Amino acid sequence: MRKDKREAYFRHYRYGLTPQTYAALLADQQGVCGICEQDVELHEDHDHTTKTVRGLLCQRCNQLLGHMGDTYEQVTQKSIALLAYLNRTRLRSLISVVHNA
């Protein structure tokens with residue numbers, strides 16, 4: 001079985017995605033990752049509870065979303081924590097630069 005046919009089979013088997021639905025998702029996203037908009041190989045992003053496909057993401061963004069959580073609330077909470085961390089570390093860096101000047 002050719003790679004593209006095998007991938008189409010698994011998309012349909014795992015998520016119920018027909019080749020037409022996949023093509024529509026791809027066209028809707030203009031062939032790029034739904035988050036970073038890079039033109040790279042795309043993977044199906046799906047809700048792990050319902051198995052519903054939300055869109056197509058590159059591997060990096062798909063893994064990032066997987067680590068952040070599957071719900072809006074989880075992603076929001078972790079995004080706020082990440083931004084707070086970056087803000088704290090940026091302030092430490094600025095204090096260090098001023099202190100060493």
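These legends accompany close-up views of one predicted model. Residues are numbered from 1 along each chain as its sequence is written. Local features need pLDDT of at least 70 and side-chain atom pairs count only at pLDDT 80 or more, while totals for chains, interfaces and linings use all residues; side-chain values use heavy atoms, with hydrogens and water left out.

**View 1. The largest pocket and its lining.**
The largest pocket has a volume of about 210 Å³. A pocket is an open set of points on a 1 Å grid over the protein atoms alone, where a 1.4 Å probe fits, with protein on both sides within 12 Å along at least five of seven lines. Grid points are joined across faces, edges and corners, and the volume is the space filled by probe spheres set on the points. Lining residues have an atom within 4 Å of a point. Here they are Lys 3, Glu 7, Phe 10, Arg 11, Arg 14, Tyr 22, Glu 41, Leu 42, His 43 and Glu 44. Two elements give two or more residues each: helix 1 (3-15) and strand 1 (42-46). Helices (H or I, at least four residues) and strands (E, at least two) are DSSP runs, numbered from the N terminus. Helix 1 gives the most, with 5 residues. By class, the lining divides into 3 nonpolar, 1 polar and 6 charged residues. Ala, Val, Leu, Ile, Met, Phe, Trp, Tyr, Cys and Pro count as nonpolar; Asp, Glu, Lys and Arg count as charged; the others, Gly among them, count as polar.

**View 2. A salt bridge between Arg 11 and Glu 44.**
The structure holds 3 salt bridges. Each is a side-chain nitrogen of Lys or Arg within 4 Å of a carboxyl oxygen of Asp or Glu. In this view, the side chains of Arg 11 and Glu 44 meet at 3.4 Å, N to O. The pair links distant parts of the chain, with Arg 11 in helix 1 and Glu 44 in strand 1, 33 residues apart. Arg 11 is buried, with a relative accessible area of 13%. Glu 44 is buried too, at 12%. Buried means under 20% relative accessible area, exposed over 50%, and partly exposed in between (1.4 Å probe, protein chains only).

**View 3. A salt-bridge network of Asp 45, Arg 54 and Asp 70.**
The side chains of Asp 45 and Arg 54 meet in a salt bridge of 2.9 Å, N to O. Asp 45 counts as buried because its relative accessibility is 7%. Arg 54, at 36%, counts as partly exposed. Arg 54 also forms a salt bridge with Asp 70, the closest N and O atoms being 2.9 Å apart. Arg 54 lies in strand 2 (residues 53-58) and Asp 70 in the loop between helix 3 (59-68) and helix 4, so this pair ties together parts that are 16 residues apart in sequence. Shared partners join Asp 45, Arg 54 and Asp 70 into one network.

**View 4. A nonpolar patch on the surface.**
Leu 82, Leu 83, Tyr 85 and Leu 86 form the patch. Together they have about 410 Å² of accessible area. Areas come from the Shrake-Rupley method with a 1.4 Å probe; for residues, only the protein chains shown count as cover. Patches are made of residues with over 30% relative accessible area and no salt bridge: like charges are joined within 9 Å, and nonpolar side chains (Val, Leu, Ile, Met, Phe, Trp, Tyr) within 5 Å. Leu 83 is found in helix 4 (residues 72-100). Leu 83 counts as exposed because its relative accessibility is 57%.

**View 5. The loop between helix 2 and strand 1, with Gln 30, Ile 35 and Glu 37.**
Gln 30 is not a glycine, yet has a positive phi of about 55°. Gln 30 is exposed, with a relative accessible area of 69%. Glu 37, also not a glycine, has a positive phi of about 65°. Glu 37 counts as exposed at 60% relative accessibility. Ile 35 is partly exposed, with a relative accessible area of 48%. Ile 35 and Lys 3 are 32 residues apart in sequence and 25 Å apart in space, C-alpha to C-alpha.

**View 6. Leu 56 in strand 2.**
Leu 56 is buried, with a relative accessible area of 0%. Leu 56 and Ala 23 are 33 residues apart in sequence and 11 Å apart in space, C-alpha to C-alpha.
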